Amino acid sequence: MRFNMTTTLFSPAEFEQALRDKGRYYHIHHPYHIMMNDGHATKQQIQGWVANRFYYQVNIPLKDAAIMANCPDPATRRKWVQRILDHDGQHDDHGGIEAWLRLGEAVGLDRETILSQKMVLPSVRFAVDAYVNFARRACWQEAACSSLTELFAPAIHQSRLDTWPTHYPWIDAEGYAYFRGRLSQANRDVEHGLELALEYCNTIDRQQRMLNILQFKLDILWTILDGMSMAYVLERAPYHTVTQEAVWHQKGLLG
């Protein structure tokens, strides 16, 4: 199914609005996120979300490196590399991955458990891997613009900062550094991403394809939470009819 079908070329302002309209499908509206932000999540559900989302976090630099590897434009690479540094860190800034590990510790997980990825559900791994593989294989402009879910990210980070300290006083406040840092980073990345999208999507076919690619990324984020809902809300983790042990594969098998 194709979305936002039209037979006319959007103006730049109309195309930007069409991209922003995709926000109604952002995972902030997923029942799992609503549960967390309304204060109804258990400690296990918060920990499960943090441990699984870590797999997404560590793959963001791989996704961005794949985009850079396919991009022949030095000016774009000079801007895009900042996204990798934001997550991997540089100099005195330990980066977003380290900040996420500290969030994990703040919710009661130990660092070794998070790094082992033994809590990462198969559906989460498959969804994230699909995103990284798309970034490797797509043309760099399409892969870059798939990151435009950042249009909607500041709202989700702010909602956590606004509600979680009240709903979950057991979470160490130092763990919220990741969300605070991403508020400014996401706004900067959105400006660059929109600039690329508006320049590249200058035909009807490109505009429609980019809207579908953005929906693909939204599907990935939604699917990640679907997997967590099965495991931590419905208590139907993989192989739950066979064993209560986490028997699924715990490391990526494909390079």
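A residue is buried under 20% relative accessible area, exposed over 50% and partly exposed in between (1.4 Å probe, protein chains only). The model is predicted, so local features need pLDDT of at least 70, side-chain atom pairs count only at pLDDT 80 or more, and totals for chains, interfaces and linings use all residues. Residues are numbered from 1 along each chain as its sequence is written, and side-chain values use heavy atoms, with hydrogens and water left out.

Start with the rings. A pair of aromatic rings is described by the distance of the centres and the angle of the planes. Rings of Phe, Tyr and Trp (its six-membered ring) pair if their centres lie within 6.5 Å; planes under 30 degrees apart are stacked, over 60 edge-to-face, the rest tilted. That rule gives 12 aromatic pairs. Take Trp164 and Phe179: their ring centres are 6.0 Å apart and their planes stand at 80°, so this pair is edge-to-face. The pair joins distant parts of the chain, 15 residues apart. Trp164 belongs to helix α9 (residues 153-167), Phe179 to helix α10 (residues 177-200). Helices here are DSSP runs (H or I, at least four residues), numbered from the N terminus.

Trp164 is buried at 0% relative accessibility. Phe179 is buried too, with a relative accessible area of 0%. Phe179 also pairs with Tyr176: centres 6.3 Å apart, planes at 35°, so tilted. Tyr176 is buried as well. Ring pairs link these residues into a cluster with others, including Trp49, Trp100 and Tyr168.

Charges come next. One sits over a ring if NZ of Lys or CZ of Arg is within 6 Å of the ring centre and within 35 degrees of the ring normal. Arg83 lies over the face of Trp80, 3.6 Å from the ring centre. Arg125 lies over the face of Tyr55, at 4.6 Å.

Key: Helices (H or I, at least four residues) and strands (E, at least two) are DSSP runs, numbered from the N terminus.
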